[in-house]
There are 2 protein chains.
Amino acid sequence: MFGKVTMIGLGLIGSSLAHAAGRKKLATEIAGYDISADVRARAATLGFAKVYDTLEAAVKDADLVILCAPVGAYGDIAKTIAPHLKSDAILSDVGSVKGAVLRDVTPFLPQAVHFIPAHPIAGTEQSGPDAGFASLFDGRWCILTPPEGADAGAVEKLRLFWNGCGSQVDVMDAAHHDLVLAMTSHVPHLIAYNIVGTAHDLEAVTEGEVIKYSAGGFRDFTRIAASDPTMWRDVFLNNRQAVLEVLGRFNEDLSVLQRAVRDGNGEALFELFSRTRAIRRSILDIGQDSAAPNFGRDKSPEKNQ
Amino acid sequence: MFGKVTMIGLGLIGSSLAHAAGRKKLATEIAGYDISADVRARAATLGFAKVYDTLEAAVKDADLVILCAPVGAYGDIAKTIAPHLKSDAILSDVGSVKGAVLRDVTPFLPQAVHFIPAHPIAGTEQSGPDAGFASLFDGRWCILTPPEGADAGAVEKLRLFWNGCGSQVDVMDAAHHDLVLAMTSHVPHLIAYNIVGTAHDLEAVTEGEVIKYSAGGFRDFTRIAASDPTMWRDVFLNNRQAVLEVLGRFNEDLSVLQRAVRDGNGEALFELFSRTRAIRRSILDIGQDSAAPNFGRDKSPEKNQ
């Protein structure tokens, strides 16, 4: 499908993409670069990509270059690689925000390069080149946010690449993407980080108690609150407006719920608690989560044989 | 260990307890009752307990009676069964709040009955007699909150019962339990219900989009927001003070975090996002969660063979 494909950044997503592209032989060469010499060495040992020691060499002659670094680093990377990208190359990324990415990267690019931002809605709480695996994107959605006037052929080639990596592909504009993801990913992460922080700081309950009794619900939040801090810092620095908008709605709703608890309004509580079950069912119906109790993580010989 | 043991309420927890007690033969008779005739019939078919058609018959001659109904129903049940409990019987429960349970149940009990409230920190998002399984309590904690002056022998017998069901046992006073659980379970559930409600009501993002892109983090919240509405309504009606106290702290912390996002304070964000990882590690270290990425729910042939 492609000649040389280069991942810049070889953490969870970059290494998973290399595995996924290798699995279906989507490129004649799968190349990689990481700013960390340790990560480059580890990636070379793992062998999922041909690892280059400079950005320039990594992107030279590549048909497709995918930025897989924290989005705060994109501007510098774009500035460095722009003169070395070949004519008609596709430049893409996997960042969790899209408006800021267009803003930071576009100014550096020559006309002859097709910049088509992308965001695979997939991941785990783990980081680094050892965390990657080929099936990470299977059955998940990848959103492309081509700028106005983007080359239709380049968009189609990128769509086929993501299909080859196991994903379904949607196309929307960057601003809508950023709002949708603020709701389905960014604010949930912020809330999870926040409640884990609250538990950490609460004097009346020891950290040992929080940990021992976490199976009551708290542990579900700790998974996403264990995600990569640099990546998530950059998300919140670069999707401020949409995050604050959704967070405002969350806070309004929480005030109403807090009042219902204070007033002992059982009817209002019951109504909300019933309504939210339907969304879970829909997520299970389209295969975006496991239907097994507790996500299937508590292996029970009676239930999971 | 016991003669007749009776579960009142045959949903997820009651049926799981019956399975667990049966697995290790902790009683000569495992008896059950449910207010719903349908549930009684289904439980009888499943065969995990001898099902009685009245509360009176179910508790008659029982050495241990465990309330497994929503805590809002405890007062009525206690009033009905009190005259039929045998002398020296142990009465216990599995409710998620403990102060309100002591308040509601104690007034009806004769002196000769030992009331030792308990709370297993275990569950799934599923409900009903079909959802139960024997290993639900394995490796989880069960908290006993005996009132002042409780019979030490009765507390010890109940501890051994829960050990037999697979749990480790802690003892604390009811007020502290209610605060600890507000932090590790009740407020997390309230937050999860709230954010799922916000997503449902947000006009600018369709429900279809929320569902499709839920793998970005949102789906983690939908699991606990699918828990039994009646049970959770009763929790919030009966642990108001502790829930509002923890929620107050959560809100304070969230205001600080919101300000950090608004100010673009990357250092503050990075500091919090790094700190929360340690709690996750501790939970994994003591075996209270799965270390597999995404709770192990995304079965990947390469990673989970």
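This is a predicted model: local features need pLDDT of at least 70, side-chain atom pairs count only at pLDDT 80 or more; totals for chains, interfaces and linings use all residues.
**β4 and β5, chain A**

I began with strand β4 (residues 62–67) of chain A and found that it pairs in the parallel sense with strand β5 (residues 90–93) of chain A, over four bridges. I then looked up individual partners. A:Ile66 has A:Ser92 as its bridge partner in β5(A), and A:Leu67 stands opposite A:Asp93.

How many of the six residues of β4(A) are buried? I get five, so I wrote the strand down as mostly covered.

On to the next pairing of β4(A). Strand β1 (residues 2–8) of chain A runs parallel to β4(A), and five bridges join them. I noted one of the pairs: A:Val5 has A:Leu64 as its bridge partner in β4(A).

**The whole sheet, chain A**

I stepped back to get the strand order. The sheet is open, has six strands and reads β3-β2-β1-β4-β5-β6 in chain A, with parallel pairing. Which strands stand at the edges? They are β3 (50–51) and β6 (114–115) of chain A; each has a single partner strand, so one side of each is left without a neighbour in the sheet.

**Chain B, around β5**

Strand β4 (residues 62–67) of chain B and β5(B) pair in the parallel sense over four bridges, and B:Leu67 stands opposite B:Asp93 in β5(B). With helix α4 (residues 74–81) of chain B, these two strands form a right-handed β-α-β unit.

On its other pairing, β5(B) runs parallel to strand β6 (residues 114–115) of chain B, and two bridges join them. B:Ile90 has B:His114 as its bridge partner in β6(B).

Which way do the side chains of β5(B) point? I found B:Ile90 and B:Ser92 pointing one way and B:Leu91 and B:Asp93 the other way, and all are buried.

I checked phi values next. Most residues other than glycine have a negative phi, so I wrote down two exceptions.

B:Asp61 has a positive phi of about 70° although it is not a glycine. I located B:Asp61 in the loop between α3 (55–59) and β4 of chain B. Buried or exposed? B:Asp61 is partly exposed, because I count 14 other C-beta atoms within 10 Å.

A:Asn294 also has a positive phi, near 55°, and sits in the segment after α12 of chain A. A:Asn294 is buried, because 24 other C-beta atoms lie within 10 Å.

I also looked at B:Gln111, in the loop between α5 (99–105) and β6 of chain B. B:Gln111 is exposed, because 6 other C-beta atoms lie within 10 Å. From B:Gln111 to B:Ala73, 38 residues apart along the chain, the C-alpha separation is 22 Å.

**Domains of chain A**

Chain A is divided into domain 1 (2–172) and domain 2 (176–291). Their C-alpha centres lie 30 Å apart. The contact takes 15 residues from domain 1 of chain A and 18 residues from domain 2 of chain A. On the domain 1 side of that contact I find six nonpolar, seven polar and two charged residues.

**Where A meets B**

How many residues of chain A are in contact with chain B? I get 93, against 93 residues of chain B. Several helices of chain A supply at least two residues each to this side, including α7 (174–201), α11 (240–263) and α12 (266–285). The largest share, 18 residues, comes from α7(A). By class, the side of chain A that touches chain B has 49 nonpolar, 25 polar and 19 charged residues.

**The core**

Last stop: the largest nonpolar core, which has 210 residues. Which of them touch the most other members? They are A:Ile8, A:Val65, A:Met183 and, in chain B, B:Ile8, B:Val65 and B:Met183.

I followed up on A:Met183. Leaving aside neighbours within four places in sequence, A:Met183 is in contact with A:Val246 in its own chain and, across in chain B, with B:Ala199, B:Leu202, B:Val205 and B:Val210. As background, nonpolar side chains tend to be buried together in soluble globular proteins.

Methods
Residues are numbered from 1 along each chain as its sequence is written. Chains are lettered from A and ligands numbered from 1 in the order in which they are written. A residue is buried if 20 or more other C-beta atoms lie within 10 Å of its own, exposed if 12 or fewer, and partly exposed in between; C-beta atoms are placed from the backbone. Two strands pair if DSSP finds at least two bridges between them. A crossover is right-handed if, with the strands pointing away from the viewer, the path from the first strand over the helix to the second runs clockwise. Two residues are in contact if their C-beta atoms, placed from the backbone, lie within 7 Å. Ala, Val, Leu, Ile, Met, Phe, Trp, Tyr, Cys and Pro count as nonpolar, Asp, Glu, Lys and Arg as charged, and the others, Gly among them, as polar. A nonpolar core is a set of buried Ala, Val, Leu, Ile, Met, Phe, Trp, Tyr and Cys residues joined through C-beta atoms within 7 Å. Domain bounds come from an automatic or database domain assignment.
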